[in-house]
Amino acid sequence: GRGNYDGGEFLNNTDVRVTALMDVFEDRLQSTRANLSKQSEAKGRPAIAEANLFKGHKAYEKLVQSKDVDLVLVTSPPYFHPDHLEAAVSAGKHVYLEKPVATDVTGCLKVKNIGQKFNGKVSMHVGLQKRYDVGYRGMVERIHRGEIGDIVLGQTFYYTNDLGRQNKPGMPDLEARIRNWVFDRALSGDILVEQNIHILDIVNWAMKAHPVKAVGTSGRALRKEVGGIPADYLCSDHFILTYTYPGDVHISFNSNQFKNRGYRQSGERFFGTKGASESHQGGPATINYNQLEEGQKTADKVDCGKVDLHAAVGTKMKALVDGVKAGSFQNECDMGAETTLTTILGRMAAYTGKEVSWDKMMKSGENWNLKLNLDSLGSGGAVSMK
């Protein structure tokens with residue numbers, strides 16, 4: 001679904017042409033081709049040719065070699081992101097890599113290394129679009145100018161709905177697992193890494209740092225079973241965490257993914273020595289001053305702009321394409337890996353029930369190695385796991 005959305009936003013906000021597609025499932029390949037071809041033709045751009053449809057879990061190796069491809073959009077399950085990124089940049093292609101950059105520490109370190117190796121050779125964007133949002137930029141710029149003083153405390157949260165299941169009755173377990181990848185810890189990273197990453201990216205951005213340690217818990221209060229997902233790999237449905245940043249600054253983070261009749265709210269509050277900031281998805285980002293400085297003519301409360309993440313996606317994609325055209329190759333691998341590692345730190349603390357330091361996480365060697373046999377996915381035949 002994200003590939004369809006991102007592909008459409010590239011068409012809406014830039015002058016790219018969608019020239020090739022890769023997927024492991026025939027139905028998804030054909031439905032995405034129909035959707036993006038329709039959008040392309042509405043803009044006077046050609047439909048996607050049959051010859052540029054690549055099916056199979058290794059088909060990305062052929063797609064990145066296509067002479068019709070300049071930029072690769074990676075919206076596969078995050079477990080595969082490091083390998084897909086490496087293949088694309090090694091073939092000389094620019095990349096828009098959806099978040100998170102990986103699902104484990106080893107994958108994040110690989111992405112960091114890829115960023116260093118190909119820095120200045122191609123553009124490598126990571127799908128953390130909040131950094132391109134007008135409201136967030138206005139707020140964080142004021143924080144960095146010292147308008148709320150030194151940050152002493154933060155409160156952040158991401159409460160949202162449960163996600164839809166993609167498996168059908170009678171579907172083989174492996175196919176169901178891949179289609180339901182957002183519920184699989186190894187394939188997605190868990191909800192903290194795959195979805196909640198947007199909030200923690202704002203924290204790192206505002207703090208100009210990553211956390212030094214984390215403590216917390218997680219659980220499955222309502223999520224008991226999802227088709228195809230082994231019990232040991234089923235994602236949590238909530239997290240409650242405390243991150244400690246340099247200077248002993250404590251940032252709380254709470255999240256859930258519940259069937260909760262449409263309740264959805266996410267946001268960030270930072271409390272400083274001179275004031276506070278507050279931001280909510282779909283609402284304004286504001287700065288509130290404890291008191292006005294002598295000679296200050298602004299109001300006690302400043303509206304930094306509305307948070308509009310849909311618009312931010314388009315802004316980010318346009319920045320990527322414009323940069324490529326201008327020969328200004330941007331590299332977000334290190335930032336994307338550091339934010340992903342921040343979520344992994346919280347996940348590690350929640351899973352173990354113990355305080356985990358950044359240094360301990362980095363030395364952990366954490367590596368999800370599923371060894372899945374994906375050769376028969378979407379073929380209608382039997383599937384198995386090694």
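View 1. Of the 22 lining residues, Tyr79, Phe80, Asp83, Trp368 and Asn369 lie nearest the pocket centre. Helix H4 (81-90) and helix H5 (105-117) are the elements that each give two or more residues to this lining. The pocket has a volume of about 490 Å³. (A pocket is an open set of points on a 1 Å grid over the protein atoms alone, where a 1.4 Å probe fits, with protein on both sides within 12 Å along at least five of seven lines; lining residues have an atom within 4 Å of a point.)

View 2. The protein chain averages a pLDDT of 94, and 95% of the residues score at least 70; pLDDT is the predictor's confidence in each residue, from 0 to 100. Take care at residues 380-386, where pLDDT stays under 50 and the model has 14 contacts beyond four places in sequence (contact means heavy atoms within 4.5 Å). Where pLDDT is low, the predicted coordinates should not be read in detail.

**View 3. An open sheet of 9 strands with mixed pairing.** The strand order is E13-E12-E11-E10-E6-E9-E8-E7-E14. Strands (E, at least two residues) and helices (H or I, at least four) are DSSP runs numbered from the N terminus, and two strands pair if DSSP finds at least two bridges between them. E13 (301-306) and E14 (356-357) stand at the edges with a single partner strand each, so one side of each has no neighbour in the sheet.

**View 4. Strand E6 and its partners E9 and E10.** E6 (residues 151-161) runs parallel to E9 (residues 249-258) over 9 bridges, and Tyr158 stands opposite Ser255 in E9. With E10, E6 is antiparallel, joined by 8 bridges; look for Leu153 opposite Phe271.

**View 5. The E10-E11 hairpin.** There are 2 residues between these strands, which pair in the antiparallel sense over 5 bridges. Glu268 stands opposite Ser279 in E11.

**View 6. Helix H10 across the sheet.** H10 (residues 197-207) lies across E6, E8, E9 and E10, at about 20 degrees to E10. (Axes are lines fitted to C-alpha atoms, for helices over the stretch in contact, with angles from 0 to 180 degrees between N-to-C directions.)

**Notes.** Residues are numbered from 1 along each chain as its sequence is written, and side-chain values use heavy atoms, leaving out hydrogens and water. In this predicted model, local features need pLDDT of at least 70 and side-chain atom pairs count only at pLDDT 80 or more, while totals for chains, interfaces and linings use all residues.

Terms used:
Grid points are joined across faces, edges and corners, and a volume is the space filled by probe spheres set on the points.
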